[in-house]
Amino acid sequence: MSTTTRTPQKLRTRKPITVGAVAKNLSALVIAVVFVFPVYWMFSSSLKPQHEIMTKDPIFVFTPTLDNYTTATGVDLFWTYVQNSLTVTIGAVLLALLVALAASFAIARMKFKGRKGIVLIVMMAQMAPWEVMVIAMYMISRENDMLNSIPMLTLIYFVMVLPFTIWTLRGFIAAVPVELEEAAQIDGCTRGQAFRKVIFPLLAPGLMSTSLFGFITAWNEFAMILMLNKDKESQTLTLWLTQFQTAFGSDWGATMAASTLFALPVLIVFLFLQRKAVGGMTAGAVKG
Amino acid sequence: MTVDSQGTATAGPQDAPGRAAGKSQTPPPPSGTKEVLQPSRGRRSLPSGLLPYLLVAPALLSMAVLLLYPLIRNVILSFQQLNRKEFITRETVWTGFDNYTKLLGDSHFWSVTIRSIVFTALNVALIMLIGTCIGLLLNRLGKKMRLVLSLSLMFAWAMPIVASVTVFRWLFDEQFGVANWVMRTLGFSGYDQHNWFETGFSTLVIILILLVWGSVPFVALNMYAGLTTVGTELYEAAKMDGASGWRTFWAVVFPNLKSFFMITTFLEIIWIFKAFAQVYAMNQGGPDRGSETLPVFAYIEGVGQFHYGVAAAISILTIVMLIAVMSFYFRLILKQEEEL
């Protein structure tokens, strides 16, 4: 097997440089630049001094400054928004993990009437059009005095990430061989102990990546918070960022600093996740 | 939306081995005879029949309260008159199908609907085309260049929606935006202080660019991941038989990735059609309500115009259209599940 895969690669490296290869690499480079440019431009604008942003022709070389970040974080209630965002996202993800772990264990490992139906429900719930349900959600929250409420938002985000969490964890649990669990039970573990001591540790990478994806979803959410939390005190960074633009008008440096602050956690999580998710995936596949 | 996409994206391929494994371990469950089939499960401390339901109950309950109930409420609201007066006095005024008949006879509703459909179609066509091309390109690149390109795609993919909308507003700024500079540098005139958000149409074009930019990485990277599973032997065989690149694509790549194409296309249709943050945050549906798509139309009709009943009816009609698309999607997914 290994020899057959190696030979074509060897041949490929010996290939002389052709017009096709140049065109290929050149177009890849152009595409890469186009796709990364907005992100790069956000970073670079956020580090530019004011007078180098307000130019007709963009400046590419400049001395970086953190002034814009001081402006952005100096906004009234900035730390309240940070706190709200973290509370809502982390609360929703933890709650979803807990509830999903139980549900996905049942779906992946047990046989019961209606299992298929539940799988179907989870699948459909994953496609729920939350963006178009804001009106009803607003009325419900209003009736129950839950407008401008952080707990309500946490609950909504929890249900938003729940189906996906169940769906993914189900895959991860199914990938842990039943034999391991049975071996533990033969050795005298109860079913609960077998889960805690055998399956749970093996699930760690899966739990990690699943929760990070949930975090990204909740961090990104916009329609609900726009509709439900109009009070300044109860807003999150998402809403803060869209209003920053209106509040600061043409201070694009500070606006870009705000965008960077908002995007940074997700960018880091995502790059980190890419490896983690793949690692968890292959580990599961090899062991299964 | 992007994040959703990440989620489902990884769920699919990631899940596959596990799903297959789970299936092989559990032959189709006949309802009553669990104990006989699974002697090893005898140690369970709770009554065997109840435990799975107890484990599933919290999840089902929370989805019922915060997902199913709001959906039902949405239907109920769409049969009520809920304007400023009723909103303040909190009365319930039933109007039957009035909201629907009003909407269906309203030319604004139809123009928004057609706009949403055309906008979605254009978006999805571009996303699939560009995404597939980049996916194919990724597959043929050397190691280093592939890393550079996928890293760049990853950045575009990971950008939070609201942040990317803000950046695009800056890129297309009237006074100091890079877009105007690029146009000037390319030699176009009239881009000294061009207002890119002057009309609803031009605003939608910017939103289209944003959506394509944000969605292509998902298609491209998954396409590439799919291509690596096709197996080099098939390519080699096609090459030996003297097939051209085009021919290889249609004869070898496409049949193998057909279900991937279909599923991704439907997913993109659903995501683009219900995209709210990108459209609303870009220009609040303006100027002059000219860049509203259906979800934004519903929001503005409710919050901006104080016609909550009509807004609920719009969302129901939108959901009906989405369900029509989703039914195709679910059929595809279930078919794939059976094949596994």
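Predicted model: local features only at pLDDT ≥ 70, side-chain atom pairs only at ≥ 80, totals over all residues.
1. A kink of about 50° sits at Ala204(A) in helix α10(A).

2. Helix α10 of chain A covers residues 191-220. Its end C-alpha atoms are only 38 Å apart. A straight helix of 30 residues would span 44 Å, at 1.5 Å a residue.

3. Now the overall make-up. Chain A has 13 helices and zero strands. Of its 288 residues, 45% count as buried. Take the contacts in chain A with a separation of 6 or more: 80% of them join residues 24 or more positions apart.

4. Chain A is divided into two parts: domain 1 (2-68) and domain 2 (71-287). Their centres, taken over C-alpha atoms, are separated by 32 Å. Domain 1 of chain A gives nine residues to the contact between them, and domain 2 of chain A gives nine residues.

5. Which elements give two or more residues to the domain 1 side of that contact? They are α2 (19-46), α3 (50-53) and α4 (67-73) of chain A. The largest share, four residues, comes from α2(A). By class, this side has three nonpolar, four polar and two charged residues.

6. Finally, the two chains. Their contact takes 92 residues from chain A and 89 residues from chain B. On the chain B side, helix α3 (residues 51-77) gives the most, with 16 residues. The residues on that side of chain B divide into 57 nonpolar, 21 polar and eleven charged.

Conventions: Residues numbered from 1 in each chain as written. Chains lettered and ligands numbered in written order. Buried ≥ 20, exposed ≤ 12 C-beta atoms within 10 Å, placed from the backbone. Contact = placed C-beta atoms within 7 Å. Expected span 1.5 Å × (residues − 1). Bend = angle between axes of the 7 residues up to and from the residue. Nonpolar A, V, L, I, M, F, W, Y, C, P; charged D, E, K, R; others polar. Domains from an automatic or database assignment.
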